[in-house]
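Dear colleague,

Please find below the structure that I am handing over to you. My findings follow directly after it.

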Amino acid sequence: PPRSTLFPYTTLFRSIEGLLTSTLLKLLNAGDMTGASNEFVRWDRADGKPLAGLTTRRLFERSWFVEAA
């Protein structure tokens with residue numbers, strides 16, 4: 001999928017409410033791209049537990065985000 005769709009796709013179905021009230025979104029809306037990029041790795045959990053594969057994905061998404069910003 002295109003880079004811009006990865007993060008929303010993997011968060012949409014299970015945690016959209018969390019995303020809408022998240023620090024990540026607040027930082028994005030404030031224009032703090034560095035702060036927002038640092039929040040990506042906090043979204044690596046399923047049922048409250050970190051998943052190694054999701055952590056890896058978030059690190060890739062963060063790097064893509066930083067490149068584009």
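Glu39 lies in helix α3, which covers residues 33-39; please bear in mind that this is a predicted model. With a relative accessibility of 12%, Glu39 counts as buried, because the limit for that class is under 20% relative accessible area.

Aromatic pairs come next. The structure holds two of them. In the pair formed by Phe40 and Phe65, the ring centres are 5.2 Å apart and the planes stand at 40°, so the pair is classed as tilted; planes under 30 degrees apart would count as stacked and those over 60 as edge-to-face. This pair links distant parts of the chain, since Phe40 and Phe65 are 25 residues apart. Phe40 belongs to the loop between α3 and β1 (45-46), whereas Phe65 is part of helix α4 (residues 52-68). Phe40 has a relative accessible area of 7% and is therefore buried.

The loop between α3 and β1 also contains Asp44. Is Asp44 buried or exposed? Its relative accessible area is 9%, so Asp44 is buried. The side chain of Asp44 makes a polar contact of 2.7 Å with the side chain of Thr55. Leaving out residues up to four places away in sequence, Asp44 touches Lys49, Pro50, Leu51, Leu54, Thr55 and Arg58.

The protein has 69 residues, and 25% of them are buried; Glu39, Phe40 and Asp44 are among the buried residues. Of the contacts between residues at least 6 apart in sequence, 49% join residues at least 24 apart. The accessible surface amounts to about 4900 Å², and carbon and sulfur atoms account for 60% of that surface.

With kind regards

How values were computed. Residues numbered from 1 in each chain as written. Predicted model: local features only at pLDDT ≥ 70, side-chain atom pairs only at ≥ 80, totals over all residues. Heavy atoms only, no water. Helix = DSSP H or I, 4+ residues; strand = E, 2+ residues; numbered from the N terminus. Buried < 20%, exposed > 50% of the residue type's maximum accessible area, 1.4 Å probe, protein only. Phe/Tyr/Trp six-rings, centres within 6.5 Å; stacked < 30°, edge-to-face > 60°. Contact = heavy atoms within 4.5 Å. Areas by Shrake-Rupley, 256 points an atom, 1.4 Å probe, with all protein chains shown as cover. Polar contact = N/O pair within 3.5 Å; in protein donor to acceptor, adjacent residues only side chain to side chain.
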